[in-house]
Amino acid sequence: MIPLSDDNPTLRTPIVTYLLLGAIGATWVFVQGAGLDAKVLSASVCNLGLVPGELTGLAPPGLAVPLGPGLDCVVDNEALNRFTPITSMFLHAGWGHILGNCLFFWVFGNNVEDSMGRLRFLVFYLVCGLAAAAAQVVVDPSSPIPVVGASGAISGVMGAYLILYPRVRVNMLFIIFIIIRVIPLPAWVVLLWWFGLQVITGLPQLNQLKPEGGVAVWAHVGGFIAGLVLVKLFENRALTSQRTGWRHRLHPDHP
């Protein structure tokens, strides 16, 4: 299931969404070398990614974690580590990772920005990203494995969308073997299904006896819950009301 678009037009140009997407893309190209050099990519992930055990001090300095053939990330206690909950939001591990995150953000981010206003949305995005980082640290506080990606913050945006526009139709691309279909579904179905998958995927990680690499699903869960909880603090109700009226005029047959 891949979101392609929604039936939820914006009233204003989503400048912050564009800027964040630009920052993510620029970081991927200029800091991470667009993934073309494994050493550059690994160095960016290791030095600027969030390592829970470095923040908590529970991972011993000098512990090495393999990131690829001949490439290790070594736990340290550098001052830069305290800023990694922010820097890690703009890093990615590969083309699939960054393109997937940007697609989800493109579909859901512009509408949430349009409902909050630009400055509020920027603060909301960053706060959700920090909440996602905190959730991952709480679940695995001694992990020496770096965590990167905008998906925690984007999960918060998705949680906000669920509260603001649960019945808006999202056009989902379904690929089942050779069958390809675009099917419009209510946002609440799409977002609750996605959230449920994150929880189900993350539960086995709670029982692991040793750290392993993979998707930081508890960052997704933490970010999503933060979005659910915080959206009403950041929402501009006047903007939401204008958007709802505009959407109903454009799509009178839609909820």
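Predicted model: local features only at pLDDT ≥ 70, side-chain atom pairs only at ≥ 80, totals over all residues.
1. Three strands make up an open sheet, ordered β1-β4-β5, with antiparallel pairing. Strands β1 and β5 are at the edges with a single partner strand each, so one side of each has no neighbour in the sheet. On average, neighbouring strands of this sheet are turned by 30 degrees against each other, direction ignored.

2. Pairing of β4 and β5, and the helix on the sheet. Strand β4 covers residues 169-176 and pairs with β5 in the antiparallel sense over eight bridges. Within this pairing, Phe 174 is found opposite Arg 181 of β5. Helix α8, residues 187-202, packs on the sheet and touches both β4 and β5. The direction of α8 makes about 110 degrees with that of β5.

3. The hairpin. Strands β2 (residues 64-68) and β3 (residues 71-74) are paired in the antiparallel sense, with four bridges. Opposite Pro 66 stands Asp 72 in β3. Two residues lie between the strands of this hairpin, and Gly 70 has a positive phi near 75 degrees.

4. The nonpolar patch. Which residues form the nonpolar patch on the surface? They are Ile 2, Leu 4, Ile 175, Ile 180 and Val 182, and together they have about 430 Å² of accessible area. At least two residues of the patch come from β1 (2-6), and at least two from β5 (179-186). Leu 4 is located in β1. Its relative accessibility is 37%, and Leu 4 therefore counts as partly exposed.

5. Gln 32. This residue is placed in the loop between α1 (15-31) and α2 (38-48). Is Gln 32 buried or exposed? Gln 32 counts as buried because its relative accessibility is 0%. With neighbours within four places in sequence left aside, the contacts of Gln 32 are Thr 27, Val 40, Leu 41, Ser 44, Val 45, Phe 90, Leu 91 and His 92.

6. Ala 219. Helix α9, residues 217-234, contains Ala 219. The residue has 9% relative accessibility and so counts as buried, the cut-off being under 20%. Not counting residues up to four places away in sequence, Ala 219 touches Ala 132, Gln 136 and Gly 152. Val 123 is 96 residues away from Ala 219 along the chain, and the C-alpha atoms of the two are 18 Å apart.

7. Salt bridges: the count and the pair of Asp 114. How many salt bridges are there? The count comes to two. One of them joins Asp 114 to Arg 12, with 3.2 Å between the closest N and O atoms. This pair links distant parts of the chain, since Asp 114 belongs to helix α5 (residues 95-116) and Arg 12 to the loop between β1 and α1, 102 residues apart.

8. Salt bridges: the pair of Glu 235. Glu 235 is bridged to Lys 232, and their closest N and O atoms are 2.9 Å apart. With 10% relative accessibility, Glu 235 counts as buried. Lys 232 has 46% relative accessibility and counts as partly exposed, because that class lies between the cut-offs of 20% and 50%.

Notes:
Residues numbered from 1 in each chain as written. Heavy atoms only, no water. Pairing = 2+ DSSP bridges. Patch = residues over 30% accessible without salt bridge, like charges linked within 9 Å, V, L, I, M, F, W, Y side chains within 5 Å. Areas by Shrake-Rupley, 256 points an atom, 1.4 Å probe, with all protein chains shown as cover. Salt bridge = Lys/Arg side-chain N within 4 Å of Asp/Glu carboxyl O. Buried < 20%, exposed > 50% of the residue type's maximum accessible area, 1.4 Å probe, protein only. Axes fitted to C-alpha atoms, helices over the stretch in contact; angles between N-to-C directions. Contact = heavy atoms within 4.5 Å.
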